[in-house]
Structures are given as structure tokens and as C-alpha cells.
Amino acid sequence: MADLIVTGRNIPEADGKVLAVTPESTGWSYVGFEVYSLREGQTLRRETGDREACVVFLGGKGDAVTRNKEWKHIGSRMNVFEKVPPYSVYVPSGDFFEITASTPLELAVCLAPGGKGTLPARLIEPERVGVEIRGYGNLQRQVHNILPEQEPADSLLVVEVFTPEGHWSSYPPHKHDRDDLPGESLLEETYYYKVQPEQGFALQRVYTDDEELNETLVVKNGEAVLVPRGYHPVSAPPGYEVYYLNVMAGPKRTWKFHNDPKHEWILKPPGK
């Protein structure tokens, strides 16, 4: 069985870290992902080095500082299931970020290779986040495009998705594991999950056409899933809403996916 689920710590490390996905832990080349749970008044400081970062305020409020920028009193929600777009801070390579929590604060730190550090650090306000309702029927879900390819970055693509109970998302199954543009882009991807109520779970399948990789995962609140290749649909069981934050990066910063041809017919709504 592939080791595709990353489970966080129940007790944060001294710096607040509860979960980490690194190139060393995965053998990947592009995507890194970390989650921090900060106490009120606690400060997290990180140098970006040769990587760029998108720091997503999952829940809670605080202040943010980079080498040339400072933002006070940011944070739009205390819990992801308020379903309003978050505040995020984009930080280029060769910079740093310092986040000080003014309430208990959960942060997602999305990482990928940076460029020459020529992009400025910037605040991504909720008003800058594209909100869309995608799909129909029990394929319908709410999408927040935090850092899409239309917005400047070197490698990172960041999006969050709310899947209602009994619905499916990342569906029909699609993949992006070949560097074969314009048809398909190679993107590593992580999913970071929240489930409401917390005792629930999500189901995610990760599989390839030849089923050499073919895993069905039971994912709990606060866990992450690695998608190294293949199709990766998600299901929310009845009674439980499912949230996930996606981080993608690869050799070219574009999201071009390939649907599983066996299931692509589902894209056509009934009666049309």
C-alpha cells in the first residue's frame, strides 16, 4: 500500500508546526506544505531561501511582516467552514515572513521553487480570491481560487474546495502527471483536509490507468494526502462537510488536466 496519508501532530512543536510535507519526506521536486497552530501572541518566522511561499490564514487573525511589507489585523474567518475566502500572504524567494497571532491561528504554508525573487511580497485579500460554484447536482462544490495561474507567482498554484455532505469533488476523476502541454501539465499536489463535524472522514481514491497505483484512502480531519500521479477524486459522506486546500507545482506553472475517459461523460448534466 502506498504511503499517501500524512498525519499531523496532536501537540504542536515549539514553533507551532503540526504537519510537514517536504522534498525529503516525499522524494518530490516541487511541492512543500506545512501547517502551524499558533497560540495567541506566538510568532512564526521563516526565511524562504530558494523557495516561494503562500501563507494561508486558515482560521484566526494576526499580523504579517516581510522584508519590505507589513500588514496588521489580517484574517477573515475563525474556521474554514465559515466558507468566506481567506487572507493569504505571498512571499517570494530570498525573503522572509513573520506572522504574529492575535488570536489562536492556524496557518498553511505552501512552498515551491522560487525564481529570481523579482516578484514583490503581497497580501492576497479575500476580495482578490475568485469564488466559483463548480459542477451540478451531487458534483457541486464551492471553490476559492487563492493563487491561480492568472495571478503572479513562480511555481505555486493554491486553491481551496468545500464539498457538501454526500457530494463528490475533483470529479470526474482527472490527473496532471505528464509534461505534455498543451494537453496536460505535470503538477505534484497535496490535499489538506478539514472535516465538519471533526469525527468524520473523507474518501479519496488515487489511481493510474494501469492501476499499478490504486489506493482508496480514508482521510481524517487535519490529515494531508499526497498525489504523486494519477487520478484523485474525493467523496464527502452523508452528514459530513469536507474542506481541502490544494497546493500544486511543477516545471511549468499551468493547470492542464486530463479526465479519466471512462468517466468524462459525467460532465454532461442530465437532460442536456
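Start by selecting residues 51–59 and 88–91: these are strands β5 and β8, which pair in the antiparallel sense over four bridges. Strands here are DSSP runs of E, at least two residues long, while helices are runs of H or I of at least four residues, and both are numbered from the N terminus. Two strands count as paired if DSSP finds at least two bridges between them. To see one of the links, pick C54, whose bridge partner in β8 is Y90.

Before moving on, note that you are looking at a predicted model, where local features need pLDDT of at least 70, side-chain atom pairs count only at pLDDT 80 or more, and totals for chains, interfaces and linings use all residues. Residues are numbered from 1 along each chain as its sequence is written, and side-chain values use heavy atoms, with hydrogens and water left out.

Is β5 mostly covered or open? Nine of its nine residues are buried, where buried means under 20% relative accessible area, exposed means over 50%, and partly exposed lies in between (1.4 Å probe, protein chains only). While you have a strand on screen, look at its side chains: in a regular strand they alternate between the two faces of the sheet.

Now zoom out. The chain has one helix and 25 strands. Its radius of gyration is 18 Å, close to the 19 Å that the globule rule gives for 272 residues, so the chain is as compact as a globular protein of that length. (That radius is taken over C-alpha atoms, and the rule is 2.2 Å times the number of residues to the power 0.38.) Along the principal axes, the C-alpha atoms fill a box of roughly 50 × 40 × 40 Å. Buried residues make up 54% of the 272 in the chain.

Next, find the open sheet of seven strands, ordered β1-β22-β19-β24-β14-β13-β12 with antiparallel pairing. Its edge strands are β1 (5–6) and β12 (130–134), each pairing on one side only. Inside the sheet, select 188–196 and 224–227: β19 and β22 run antiparallel and are joined by four bridges. E189 has V227 of β22 as its bridge partner.

G130 is bridged to N145 in β13. The hairpin of these two strands has six residues between them, and G135 takes a positive phi near 90 degrees there.

Last stop: two loops. Select T208, between β20 (201–207) and β21 (214–220). T208 counts as buried, at 12% relative accessibility. Not counting residues up to four places away in sequence, T208 touches L213, R229, G230 and Y231, where contact means heavy atoms within 4.5 Å.

Leaving aside neighbours within four places in sequence, the residues in contact with Y231 include P173, H174, R205, Y207, H258 and D260. Finally, select H176: its C-alpha is 8.0 Å from that of Y231, although the two are 55 residues apart in sequence.
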